Amino acid sequence: MKKLFAAATLGLALVAGAQAQAWPAKPVTLLVPFPPGGSTDTVARAMGAALGKTFNQTFIVDNKAGATGTIGAAQVKRAAPDGYTFLVTSLGPLVIAPHLIKSMPYDALKDFDPITVLVQAPNVLVVPAASPYKTVADVIGHLKSQPGKMTFASSGNGSSDHLTAELFWQETGTSGLHIPYKGGGPAISDLLGAQVEASFQNVNAVLQHIKAGKLRALAVTGAKRAAVLPDVPTLAEAGVKNADVYSWQAVVAPKGLPADVRSKFHEALLAALHDPQVQQQFTSVGLEVVGNTPAQFATFQASEFARWKKVIETGKITAD
C-alpha cells in the first residue's frame, strides 16, 4: 500500500509539473475593471503584447467596467485559479472601494493572490493656465481665507484624485469643494476650460497639457520630483508633509493560483517591465516601473488599505 501511495503521489506531482510546464496552453485573459483608454487599460495592453511575444500565446485584454472597478474584480475572484484569468487594476478596487461600498462582493485582502505592482505615478496638483494661483502656498492661503469654496475636480467619488485632495485638506487643515466627474476625461476637459479651479490628476493623464502650457503644475505628490516634471516641487518641498501619494497599477490572480504558475508569470511580467521598449512607453508619460515580489506587494497593499481607510473615515467620504 505504501508503494502504491508513493507511486500515486509521484504521478500526481508529475501531472501537476507537466501542467505548469505547459502553461499557458491557451489564451490568457487580463481583465481590466475599467473602460478602454484609461491608464490601467493602457498598461494592461502594453503588458499583454509583451507577454504574447514571450509565451507565443494570446493575452486578451477584457474590459469589464462598473461600480468603481468592483464588478470586474468580483468576476476575477470567481474565476478558476488556473492561470488563465488575471486582474490588472489600479489601487481603487484593492484598497479604496472596500471602505466605500457597503456590500462588497469580495475581500480585497483575502480573495486574491498578489502577483506584482507593475507601475506607479504621483499625482500632480494642477490649475488652469490663467489661474491666479502660482504656488501651493497660494492655494492654501485661498483655502484658509474662503473655506469650502475652491473647487477641486476629480474623476469620481473615491478616486485617487479625489482622495488625494481630501488628504491634502486634512494635512493642511483646510477644506475645498469636491466636484466629482464620471471619469478623468470630463474632469480634465472642465479644468482646461477653467470651469473648475484645481485638481490632483495622475501625472500621466495631464502631462501633455502641462507641457503645452494649458495647465500649470504646482506640486507632485511623490516622495521625490517626477522625472518628467523636474522643475515642479513635491508637496513636501512646498511645506505639506505626510501627503505622498501614488496611483498604481498591479496584477492579482484568483486565490489559489499554483505556485509554479505564479512564479513563471511573475518572472515574465518583470522581464516585460524591463524591456527597453515597454519601459520607454511607460516612463515617457511619467509612469515609474515597480515590479516588486508577491510578498512585497501584499505588505504594500495592507499598508495602503489601512492608509485610505483612515482618510475615508476622517473625511466621512461616501461612494454616493
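This is a predicted model: local features need pLDDT of at least 70, side-chain atom pairs count only at pLDDT 80 or more; totals for chains, interfaces and linings use all residues.
Which residues are buried in helix α5 (residues 136–145)? Residues are numbered from 1 along each chain as its sequence is written, and side-chain values use heavy atoms, with hydrogens and water left out.

In α5, the buried residues are V136, V139, I140, H142 and L143. They lie on the same side of α5 because they cover an arc of only 160° around the axis. The arc is that of the directions from the helix axis to the C-beta atoms. An α-helix has 3.6 residues a turn, so residues three or four places apart point the same way. Buried means under 20% relative accessible area, exposed over 50%, and partly exposed in between (1.4 Å probe, protein chains only). The exposed residues A137, K144 and S145 sit on the face of α5 turned away from its buried side. Helices (H or I, at least four residues) and strands (E, at least two) are DSSP runs, numbered from the N terminus.

The buried residues of α5 pack against β4, β5 (151–154), α6 (160–172) and β8. Of these elements, strand β4 is described next. β4 spans residues 112–128. It is mostly covered, with 17 of its 17 residues buried.

β4 pairs with several strands; pairing requires at least two DSSP bridges between two strands. With strand β9 (residues 246–254), β4 forms nine bridges in the antiparallel sense. Here A121 stands opposite S247. Strand β8 (residues 215–220) is joined to β4 by five bridges, and the two run antiparallel. The bridge partner of L125 in β7 is F200. Strand β10 (residues 288–289) pairs with β4 over two bridges, also antiparallel. In β10, V289 stands opposite V119.

Strand β10 also holds E288. This residue is buried yet has no salt bridge. A salt bridge is a side-chain nitrogen of Lys or Arg within 4 Å of a carboxyl oxygen of Asp or Glu. The nearest side chain of opposite charge to E288 is K224, 4.1 Å away. Lys and Arg count as positive and Asp and Glu as negative, while His and the chain ends are not counted. Neighbours within four places in sequence aside, E288 is in contact (heavy atoms within 4.5 Å) with L118, V119, Q120, P122, K224 and Y246.
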